[in-house]
Amino acid sequence: MSAVAVHSLWTMAADPIEKIDAPKIEYGQLSPTLIVIGAAIIGVLVEAFVPRKSRYYAQVFLSVVALAAAFAAVIGLAAGGYGTTKAKIAAMGAIAVDGPALFLQGTILLAGLLAVFTFAERRLDPVAHGNRVDSFAAQAASVPGSDSEKAAVKAGFTTTEAYPLLLFAVGGMLIFPSANDLLTLFIALEVFSLPLYLLCAVARRKRIMSQEAAVKYFLLGAFASAFTLFGIALLYGYAGSVSYATIAQVVDGSIENVNPALADTMGNDALLLIGAAMVVMGLLFKVGAVPFHMWTPDVYQGAPTPVTGFMAAATKVAAFGALLRLLYVVLPGLRWDWRPVMWAVAIVTMLGGAIVAITQTDIKRLLAYSSIAHAGFILAGVIATTADGVSSVLFYLAAYSFVTIGAFAVVTLVRDAGGEATHLSKWAGLGRRSPLVAAVFAVFLLAFAGIPLTSGFAGKFAVFKAAAEGGAGALVVVGVISSAIAAFFYIRVIVLMFFSEPKPEGPTVAVPSPLTMTAIGVGVAVTLVLGVAPQYFLELAGQAGVFVR
Amino acid sequence: MSFPLLTATAALPALGAIATAAVPAARRTAAKWLALLVSLATLVLALVVLVRFDPGGDRYQLTESHAWIADFGVRYELGVDGIGVALIALTALLIPFVILAGWHDADPQETGSTRWRPTQGFFALILAVEAMVILSFEATDVFLFYIFFEAMLIPMYFLIGGFGDRAHAGTDENAAAQRSYAAVKFLLYNLVGGLIMLAAVIGLYVVAGNFSLQEIAEARANGTLDMATNTERWLFLGFFFAFAVKAPLWPLHTWLPNAMGEATAPVAVLITAVVDKVGTFAMLRFCLQLFPEASKWATPVILVLALISIVYGALLAVGQRDIKRLVAYASISHFGFIIMGIFAMTSQGQSGATLYMVNHGISTAALMLVAGFLISRRGSRLIADYGGVQKVAPVLAGTFLIGGLATLSLPGLAPFVSEFLVLVGTFTRYPVIGIIATFGIVLAALYTLVLYQRTMTGPVKPEVSAMPDLRVRELVVVAPLIALLIFLGVFPKPVTEIVNPAVEHTMSDVQKQDPKPEVEAAK
C-alpha cells in the first residue's frame with residue numbers, strides 16, 4: 001500500500017478553492033452617504049486633534065461642506081437619471097438607488113443643512129464668561145449643577161461633538177429609506193438612532209429634563225429596535241433571505257430555485273404576519289404614530305430645540321421612506337392584510353394627535369402632538385398604495401420638514417431669563433412686541449393647519465387626493481375632521497400672540513445671527529413657494545414615485 | 001393676448017394691501033389714503049369690467065386660463081357671468097365706504113412700540129379681503145375658488161379679533177376676551193365648513209378628473225360624466241355645508257351675531273355685505289351647476305331651513321338689546337330670503353336672490369355704518385342707552401331711518417324689488433312657503449321701527465344731548481349709499497339686465513322651467 005493510498009483512507013481531495021468575488025461597490029451612486037459618513041469620521045478626528053478654540057469653526061465648516069457636497073451628489077445622481085430610468089440596486093443588493101431614495105435623501109440633506117445652521121447659533125444665549133455659547137451643554141459628561149460643570153462653563157467649553165453626531169445621524173437616515181435588505185435597514189436604524197439619543201441629552205439649559213428625555217427615548221427606542229430585529233429574524237425564517245426582493249417573491253409565490261434546506265419553513269404565514277407586524281411596528285415607532293407615540297412629547301420637549309427641529313423633520317422623512325419601501329416593495333402581496341391595520345393606525349394617529357394637542361400648554365409639546373397628527377395624514381397617503389400615493393407622501397415630507405425646522409427655529413428665539421420661554425402663556429402678546437417674528441411663526445402655524453396658499457395645504461391635498469383615489473375616502477373624511485380639530489390649537493397660538501395683551505415681564509425675542517435667520521428664511525420661502533406654485537415640486541415627486549425592485 | 005382685466009381687478013387690491021402694510025409706522029395717514037386710493041382704483045376697474053361685460057354674450061366672459069398645478073388638475077381659470085359681475089361691482093363699491101367709515105377705527109390708542117402698526121394692518125387686511133373675495137367671484141376652477149374661499153378667513157379673522165369695537169359694555173379685558181371668542185368662533189365654523197368642502201372637492205376630482213367648472217358642467221349636461229345618485233348627493237352636501245356656514249343658514253348661523261357684534265361697524269359690513277355673499281353666490285354657481293339633481297333632491301329641506309332662518313332671525317332681531325347684534329339677526333333673516341330665492345328654482349326667485357345680494361349689501365352697509373357712527377358717539381351698543389337722538393342729530397337720525405326702511409323693504413327703496421321677486425318666485429312653486437315667508441317682512445317692520453323709535457324718538461337722554469351730527473366724512477359715506485338705494489329702488493333695470501341671462505343659464509342647468517300661470521293653464 002502506497003503512502004498515497006493510506007492517506008486517502010481518512011482524507012479526500014478538496015475541490016479547488018472557489019474564487020470569492022470581491023464585492024462590487026458602486027461608489028459613485030453611494031457617494032451622498034459616503035461623503036456624509038466620511039465627514040462624520042473626520043469630525044471625530046477634529047474633536048481629537050484640533051485645538052479647542054477652533055473646533056467650533058472647523059466642525060461647522062466641515063458639516064456644511066459635507067452636507068452641501070452630498071446634496072450636490074444627490075442632484076447629480078438624479079440629473080443622471082438614477083431616479084428614473086437608471087434606477088438600480090447597488091452595493092450587492094443592500095442599497096436601492098431610485099427615485100424615492102434620492103428624493104428623500106435630498107430632503108434629509110437640506111433639512112440637515114438647515115439644522116446645522118440652527119445648531120451653530122451662538123448669539124441667543126447671553127455671553128457666559130466672555131464666551132459665546134450655543135444650545136449645547138458645556139461638557140456633557142459633567143453632572144448638572146456640579147463644580148465640574150461650572151468649571152467647564154467658565155473655561156468656555158462647548159459640545160462640538162454635536163456636529164459629527166449630527167452627521168452620523170444624517171448618514172444613517174440617508175441609508176434608512178434606501179435600504180434594500182432588512183439587515184441594512186436595521187443597521188441604518190441604529191446608526192441614526194444612537195447619535196440622536198445622545199444629542200437629546202446635551203441641552204445647555206434644563207439639563208436634567210434633557211437627560212430624562214434622552215433616557216426615555218433611548219429605552220423606548222431600544223425596545224422598538226428589539227421589536228424590529230425580532231421581526232427581521234422571523235421574516236428571515238419565513239423567506240430564507242433578508243433581501244427585499246426575495247421576500248417579496250416568496251410573499252407572492254413567484255420564487256424559483258428554493259434552497260432545499262429552507263423549503264420546510266419557507267412560506268409559513270405565521271412567521272410572515274408576525275414578522276412583518278413587528279418590523280412595521282418598529283418603523284411606526286420612529287414616525288411617531290399612535291399607539292407608538294408615547295416618547296414624542298417628552299423627547300421633543302426635553303431635547304435642545306435645534307435637535308428637536310432636526311429630529312422632527314429628518315427622522316420622519318427617513319422613517320416614512322423606509323416604511324414606504326417596506327410596504328410597497330416587500331409587502332405589496334400582503335396589502336389586504338396590512339391595509340386594514342394601517343387604516344386603524346392612521347385614524348387613531350390623526351384623531352389622537354389632534355385631540356391631545358388641544359390640552360397642551362407648552363409650545364414644544366404642542367408641536368410634538370401636531371407632528372403626531374401629521375404622521376397620521378402622511379399615513380393616509382401611504383395607505384393609498386398607488387404611484388400617486390408615493391409621490392404625495394414624498395411631497396408632504398419635503399413640505400413638512402421645512403415648516404418644522406423653521407417653526408422650531410422660531411421657538412429658539414423667544415427667551416426669558418431661564419432660556420427658551422416655551423410655556424404658551426409666555427407667548428401672549430408676542431405679536432405686539434415683535435410683529436415680524438410672530439407673523440413668521442403664524443405662517444408656519446397656518447402651514448401646519450393646512451390653510452390654502454401654504455405648503456401644508458398643497459401637501460395635505462396631495463395625500464388626501466391620493467387616498468381618495470386609492471379607495472380610502474373614509475380616511476379623507478376623518479382627515480378633514482382632525483384637520484379641523486388641529487386648526488383649533490394652531491389658531492389658539494395665533495390668538496395668544498396677536499390678540500392677548502403682552503405681559504409686563506414677558507419673554508424677549510433674541511436677535512439671531514444670520515445662521516438662524518437663514519434657517520427661518522428658507523423655511524418661510526419654501527412654505528410659501530410650495531403653497532403658491534407647487535407644480536414643479538409635485539412633478540419632481542411624481543417622477544420620483546417609482547421604487548426599484 | 002388681451003389685457004387680463006379680471007386678474008388686474010383682484011391683483012390691484014392685493015398689491016395695495018402689501019404696499020399699505022409696508023408704510024412706515026409714523027405715516028399712518030398716508031397708509032389710509034393709499035388704501036382709499038387703491039380701493040377707488042379697484043372700483044374703476046370693476047366698472048370697466050361692468051361696461052365690457054355684454055349681457056347678451058357668452059355665459060362666461062373676459063375669461064383667462066393658465067396652467068397652474070397640473071398634477072392636481074388645477075388651472076388658473078377666471079371668468080364672470082352676470083351674477084359675478086354684479087357682485088364684483090358691489091364689492092368694489094362698498095370697500096371705499098368701508099375704508100372711509102373705518103378711518104379712525106384703527107388709530108393706535110397708546111404710542112408705545114414703534115413696530116406695532118395696527119393702522120397699516122387694518123387697511124391692508126381690508127384690501128386683502130377685497131382681493132380674495134373678488135377672486136372667488138371670478139374663479140371658474142373649483143379648486144381655485146376653494147383656495148380663496150378658505151384663505152379669506154385668515155385676514156377676516158384678524159380683522160374681527162384684532163380690531164374690536166371700542167364701545168363695549170364691559171372692561172377692556174372683558175372686551176378682548178369676547179372679541180377673541182368671536183374671532184375664534186368665526187374661524188372655526190368657517191374652517192370646519194371649508195374642510196368638509198375640501199373632502200367634497202377631492203371627491204369631485206376623483207369622480208370628474210379635473211376642476212374646471214365649465215368642463216364638468218358641460219360633461220354633466222351632455223351625459224358624458226355620470227355620477228351615481230348617492231355620490232352626487234354626498235358631494236352636494238359637502239359643498240352646500242360650507243356655503244351654508246358662510247351665508248349663514250340656520251342652524252349654522254350662530255357665529256354671525258358674535259362676529260358682527262364684536263367687530264367694528266365697517267368690519268361688520270365687510271362680513272355681512274361682502275364676505276357672506278360668497279356663500280350665496282357659490283350656491284348658485286357651484287351647487288346648482290355641478291349637482292343639479294342633488295340640488296333638486298335637497299330643495300324641500302333647504303327651503304324649510306331658509307324659512308326658519310327668515311322667521312327665526314327676524315324674531316331674534318326683535319328681541320335684541322344690542323344694535324349691532326340686531327342688524328346681524330336681521331341679516332340672517334335676509335340671507336334666508338336669498339337662499340329661498342335660489343332654491344325656489346324659478347327665474348324670478350333667482351334673479352330676485354341675486355338682486356337681493358346686491359341690495360342687501362348696500363342697505364345693510366348704510367344701516368350698519370350709520371349705526372356705527374351712532375355707537376362711536378355714545379360709546380355704547382345698547383339700544384336702551386339712547387333716546388331722542390333725532391332732536392340732537394337730525395341728519396344722523398334721518399339716514400338711520402332710511403337705512404332701516406330699506407332693511408324692511410319699503411317700496412321705493414331697492415330691497416323691495418328683490419324681496420318682491422323672491423316672494424313671487426317662491427309663491428308660484430311653493431305657495432305655502434311663500435306665504436309664511438311674508439311674516440318675515442312684517443317682523444322686519446317691527447324690529448326696524450322699534451329700533452328707530454327707541455333710539456331716535458322720545459325724550460332726549462342726558463348722555464346724548466351733546467351728540468354731534470354727522471361729519472363731512474360720514475356724510476360722504478352715507479349719502480352715496482342712500483342715493484343708490486333710492487335709484488335702484490325705482491330703476492332696478494341696470495342690474496336685472498345683467499343678471500337675468502345668467503339666471504336663465506342656471507335654470508337650464510337644473511332643467512327647470514317656470515311654472516305656467518294658473519289662469520293660462522286653466523284655459
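Predicted model: local features only at pLDDT ≥ 70, side-chain atom pairs only at ≥ 80, totals over all residues.
**Stop 1: α15 and α21 of chain A**

Select residues 387–413 of chain A, which form helix α15, and then residues 535–543 of chain A for α21. The two axes come within 8 Å and cross at roughly 130 degrees, so α15(A) and α21(A) are oblique to each other. Their crossing is right-handed. To see the contact itself, show A:S391, A:L394, A:F395 and A:A398 from α15(A), which meet A:F537, A:L538, A:A541 and A:G542 from α21(A). Sorted by class, this contact has six nonpolar and two polar residues, with no charged ones.

**Stop 2: α10 and α12 of chain A**

Next, select residues 269–287 (α10) and 305–330 (α12) of chain A; their axes are 8 Å apart and the packing angle is about 155 degrees. α10(A) and α12(A) are therefore roughly antiparallel to each other. Here the crossing is left-handed. On the α10(A) side, pick out A:V279, A:V280, A:L283, A:K286 and A:V287; their partners in α12(A) include A:T315, A:K316, A:A319 and A:F320. The contact of α10(A) with α12(A) has nine nonpolar residues, one polar and two charged.

**Stop 3: backbone details in chain A**

Stay in chain A and move to the loop between α10 and α11 (295–302), where you will find A:P291. A cis peptide bond joins A:V290 to A:P291, with omega about 5 degrees.

Two more residues are worth a click. Most residues other than glycine have a negative phi, and most peptide bonds are trans. A:A91, however, has a positive phi near 50 degrees. Find A:A91 in the loop between β1 (88–90) and β2 (95–97) of chain A. Is A:A91 buried or exposed? A:A91 is buried, because 21 other C-beta atoms lie within 10 Å. Then go to A:L453, in the loop between α17 and α18 of chain A. A:L453 also has a positive phi, of about 75 degrees. With 19 C-beta neighbours inside 10 Å, A:L453 counts as partly exposed, since a residue needs 20 or more to be buried.

**Stop 4: where the chains meet**

Now show both chains. The contact takes 30 residues from chain A and 30 residues from chain B. Which element gives the most to the side of chain A that touches chain B? It is α19(A), with 12 residues. By class, that side of chain A has 20 nonpolar, four polar and six charged residues.

**Stop 5: into chain B**

Select residues 28–52 of chain B, helix α2. Its 25 residues should span 36 Å at 1.5 Å a residue, and the end C-alpha atoms are 36 Å apart, which agrees. Among the buried residues of α2(B) are B:L34, B:V38, B:L45 and B:V49. What covers the buried residues includes α1 (5–21), β1 (61–69), β2 (74–80), α3 (82–101) and α4 (118–138) of chain B.

Next comes B:P248, in the loop between α9 (229–246) and α10 (255–262) of chain B. A cis peptide bond joins B:A247 and B:P248, with omega about -15 degrees.

Finish at B:A397, in helix α16 (residues 394–407) of chain B. B:A397 is buried, with 22 other C-beta atoms within 10 Å. Leaving aside neighbours within four places in sequence, B:A397 is in contact with B:V389, B:Q390 and B:M456.

Notes. Residues numbered from 1 in each chain as written. Chains lettered and ligands numbered in written order. Contact = placed C-beta atoms within 7 Å. Helix = DSSP H or I, 4+ residues; strand = E, 2+ residues; numbered from the N terminus. Nonpolar A, V, L, I, M, F, W, Y, C, P; charged D, E, K, R; others polar. Buried ≥ 20, exposed ≤ 12 C-beta atoms within 10 Å, placed from the backbone. Expected span 1.5 Å × (residues − 1). Axes fitted to C-alpha atoms, helices over the stretch in contact; angles between N-to-C directions. Parallel < 35°, antiparallel > 145°, perpendicular 65-115°, else oblique. Left-handed = near helix turned anticlockwise from the far one by under 90°.
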